[in-house]
Amino acid sequence: MLQRTLSIIKPDAVSRNLAGDILAMIQAAGLTVKATKMIQLTRAQAEAFYAVHKERPFYGSLCDFMTSGPVVVSALEGENAIQAYRDLMGATNPANAAEGTIRKRFALDVEKNAVHGSDAPETAAQEIPFFFSALEIVG
């Protein structure tokens with residue numbers, strides 16, 4: 001099934017100039033970049049995007065982190081793109097991530113784990129339009 005998913009290359013990876021390496025891994029895995037851009041999230045944007053985690057103890061530090069520097073957001077497309085990208089990202093905790101995954105290669109710790117990806121079709125349907133208008137997505 002052809003799907004779209006959202007990718008965020010987080011501030012820790014962007015600051016270490018890893019966006020190109022991560023995008024190359026994404027494309028090598030058979031996913032197509034349909035839209036991409038570098039942005040600096042405001043606090044309000046980070047809080048809105050991560051509102052699902054508002055009651056969790058890490059919410060404040062997550063919003064702090066995600067506004068600490070630029071991020072690269074992309075809309076990806078491919079066969080079973082959501083699961084394919086989640087497999088490529090690896091476990092949230094890089095210590096538990098499989099060899100060859102983005103997080104095993106590039107994550108610093110559980111919070112500074114290099115990337116975010118949508119976890120379900122419903123999530124992707126909300127997350128992609130958060131960052132991209134229909135005019136920005138090619139194809």
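Which backbone nitrogen does the side chain of Ser118 reach, and at what distance? I looked this up first. The side chain of Ser118 comes to 3.2 Å from the backbone nitrogen of Leu6. I note here that I am working on a predicted model.

**Entry: Ser118**

I placed Ser118 in the chain next. Ser118 sits in the loop that runs between β4 (115-117) and α7 (121-131). The side chains of Ser118 and Glu127 make a polar contact of 2.6 Å. I listed the contacts too, skipping residues up to four places away in sequence. Ser118 touches Thr5, Leu6, Ile82, Arg86, Thr123, Ala124 and Glu127.

**Entry: His116**

I turned to the record. UniProt, in an unreviewed entry, lists His116 under "active site". I found His116 in strand β4. How accessible is His116? The relative accessible area of His116 is 14%. The limit for buried is under 20%, so His116 counts as buried. I wrote down the contacts of His116, again without residues up to four places away in sequence. Among them are Leu6, Ser7, Ile8 and Lys10. Phe49, Tyr50, Tyr85, Met89 and Arg103 also touch His116.

I traced the strands. In what order do the strands of the open sheet stand? The order is β2-β3-β1-β4, with 4 strands and antiparallel pairing. β2 and β4 are the edge strands, each with a single partner, so one side of each has no neighbour in the sheet. On average, neighbouring strands are turned by 20° against each other, direction ignored. I looked at one pair in detail. β2 and β3 run antiparallel and are joined by 7 bridges. Thr32 has Glu77 in β3 as its bridge partner. I then checked where α7 goes. Helix α7 lies across β1 (2-9), β2, β3 and β4. The angle of α7 to β1 is about 55°.

**Entry: salt bridges**

How many salt bridges does the structure hold? I have 6 on record, and I looked at some of them.

Glu77 came up again. The side chains of Glu77 and Lys34 form a salt bridge at 3.7 Å, N to O. Glu77 belongs to strand β3 (residues 71-79) and Lys34 to strand β2 (residues 32-39), so this pair ties together parts 43 residues apart in sequence. Glu77 and Lys34 are both buried. Arg4 joins in: Arg4, Lys34 and Glu77 are linked in a network of salt bridges.

The side chains of Arg43 and Asp64 meet in a salt bridge at 2.2 Å, N to O. Arg43 lies in helix α3 (residues 43-49) and Asp64 in helix α4 (residues 59-66), so parts 21 residues apart in sequence are tied together. Arg43 is partly exposed, at 33% relative accessible area. Asp64 is partly exposed too, at 45% relative accessibility.

Asp12 is buried, with 5% relative accessibility. Arg16 is partly exposed, with a relative accessible area of 33%.

Notes: Residues numbered from 1 in each chain as written. Predicted model: local features only at pLDDT ≥ 70, side-chain atom pairs only at ≥ 80, totals over all residues. Heavy atoms only, no water. Helix = DSSP H or I, 4+ residues; strand = E, 2+ residues; numbered from the N terminus. Polar contact = N/O pair within 3.5 Å; in protein donor to acceptor, adjacent residues only side chain to side chain. Contact = heavy atoms within 4.5 Å. UniProt positions renumbered as here; feature names shortened; annotations may be inferred. Buried < 20%, exposed > 50% of the residue type's maximum accessible area, 1.4 Å probe, protein only. Salt bridge = Lys/Arg side-chain N within 4 Å of Asp/Glu carboxyl O. Pairing = 2+ DSSP bridges. Axes fitted to C-alpha atoms, helices over the stretch in contact; angles between N-to-C directions.
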